[in-house]
Amino acid sequence: MRLSTLLCGILFASSALAQSVPVRLQSDPTLVDSGLWTFVLPRFSLKHAQPVTLVAEGGEVQVSLSGERALFEDMSGQTYYLSLLSDGESAQAFYAWLLSDIGIRTIVSFSPDGTPLYSGLVEKTETEEVHDFPGDPELGHQLAQTHCGRCHVVDEANRFRGISSTPSFMALRTFEDWFEKYEVFWTLNPHPSFVQVEGVTPEFDPAFPPAIIPVMLTLDELDHIGAYLSQVEPADLGAPLEMR
């Protein structure tokens, strides 16, 4: 690669980051002091052209390292949690990335002086509520491959075809509120811009047509996909490293 081409790429990425409004992250001070975010945040920003800034306690926050979603542990066994406090698209993308396999691997790979400080979680400690959909999971699997597989990894067969900024079905199943999110997913960005549910959503505004081929679904098809999703095994976020 020519140096001029490389420099143009760096300048383009820097320009895109400069024009983006940073996602505001609040974190436990011990994580800040460890240097974790100095390691993690540039890797997310470089990949997604979206800056993230740390804010002090009491400031306006979009994503917080506290609250509802168990994310990772330190080597003493202390668990750190994650909360999404904004419906902004950029904040949602950063939140989903942290929960994704790539996000967890990035956190776990932080090893100052060659010493790992954090690990994935061994197992979920709470009993997961069972949800049933009145659909056919096999048909739902086919529908998910056709419609959802354009952006999400829905199974091992398309594990390399999803968009990196969207959580896989396996990652979605780790969300404590996955059922509630799925029931209204077409109202959550970016879905309203290209998803229509027959008899539920209004037609697209002719002045703002979908930028991609739209996804058209019926309520029965949603039940089929939900039946498949409910049977997907939640992602294993990794076991803690064993020191010898």
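# Exercises on helix packing and loop geometry

Pro137, Leu139, Gly140, His141, Leu143 and Ala144 of helix 6 are in contact (heavy atoms within 4.5 Å) with Glu221, His224, Ile225, Ala227, Tyr228 and Gln231 of helix 9. The model is predicted: local features need pLDDT of at least 70, side-chain atom pairs count only at pLDDT 80 or more, and totals for chains, interfaces and linings use all residues. Residues are numbered from 1 along each chain as its sequence is written, and side-chain values use heavy atoms, without hydrogens and water.

**Exercise 1. Describe how helix 6 and helix 9 are placed against each other.**

Step 1. Helix 6 covers residues 137-147, and helix 9 covers residues 219-231. Helices (H or I, at least four residues) and strands (E, at least two) are DSSP runs, numbered from the N terminus.

Step 2. Take the axes, which are lines fitted to C-alpha atoms, for helices over the stretch in contact, with angles from 0 to 180 degrees between N-to-C directions. The two axes come within 7 Å. They cross at roughly 100°.

Step 3. Classify the angle. Helix 6 is therefore roughly perpendicular to helix 9. The classes are roughly parallel under 35 degrees, roughly antiparallel over 145, roughly perpendicular from 65 to 115 and oblique for the rest.

Step 4. Sort the contact by class. The contact of helix 6 with helix 9 has 7 nonpolar, 4 polar and 1 charged residues. Here Ala, Val, Leu, Ile, Met, Phe, Trp, Tyr, Cys and Pro are nonpolar, Asp, Glu, Lys and Arg are charged, and the others, Gly among them, are polar.

**Exercise 2. Which residues of helix 5 are buried, and why do they line one face?**

Step 1. Apply the cut-offs: buried is under 20% relative accessible area, exposed over 50%, partly exposed in between (1.4 Å probe, protein chains only). Within helix 5 (residues 101-108), Gly103, Ile104, Thr106 and Ile107 are buried.

Step 2. Look down the axis of helix 5. Its buried residues fall within an arc of 160° (taken from the directions from the helix axis to the C-beta atoms), so they line one face of the helix.

Step 3. Recall the helical repeat. An α-helix has 3.6 residues a turn, so residues three or four places apart point the same way.

Step 4. Find the packing partners. The buried residues of helix 5 pack against helix 3 (36-48), strand 3 (63-74), helix 4 (89-99) and strand 5 (118-119).

Step 5. Ile102 is partly exposed, at a relative accessible area of 37%. Its C-alpha atom is 9.8 Å from that of Ser165, 63 residues away along the chain.

**Exercise 3. Which residues of helix 4 are buried, and what do they pack against?**

Step 1. List them. Ala91, Phe94, Tyr95, Ala96, Trp97, Leu98 and Leu99 are the buried residues of helix 4.

Step 2. Locate the neighbours. These buried residues pack against strand 1 (23-26), helix 3, strand 2, strand 3, strand 4 (79-84) and helix 5.

Step 3. The chain holds 9 helices and 7 strands. Of its 244 residues, 39% are buried. Among contacts with a separation of 6 or more, residues 24 or more positions apart account for 62%.

**Exercise 4. Where do Ala49, Asp113 and Pro190 lie, and what marks their backbone?**

Step 1. Start with Ala49. It sits in the loop between helix 3 and strand 2 (52-54). Its phi is positive, about 55°, although Ala49 is not a glycine. Ala49 is partly exposed at 30% relative accessibility.

Step 2. Go to Asp113, in the loop between helix 5 and strand 5. Phi of Asp113 is near 60°, again positive in a residue other than glycine. Asp113 is exposed, with a relative accessible area of 82%.

Step 3. Finish with Pro190, in the loop between helix 8 (178-183) and strand 6 (195-197). The peptide bond from Asn189 to Pro190 is cis, with omega near 5°.

**Exercise 5. Is His152 buried or exposed, and what does it touch?**

Step 1. Check accessibility. At 13% relative accessibility, His152 is buried.

Step 2. List its contacts. Leaving out residues up to four places away in sequence, His152 touches Asn158, Gly162, Thr166, Pro167, Phe169, Leu172 and His191.

**Exercise 6. Which residues does Asp28 touch?**

Step 1. Read the contacts. Not counting residues up to four places away in sequence, Asp28 touches Leu65, Gln78 and Tyr80.

Step 2. Asp28 and Ser66 are 38 residues apart in sequence, with 7.8 Å from C-alpha to C-alpha.
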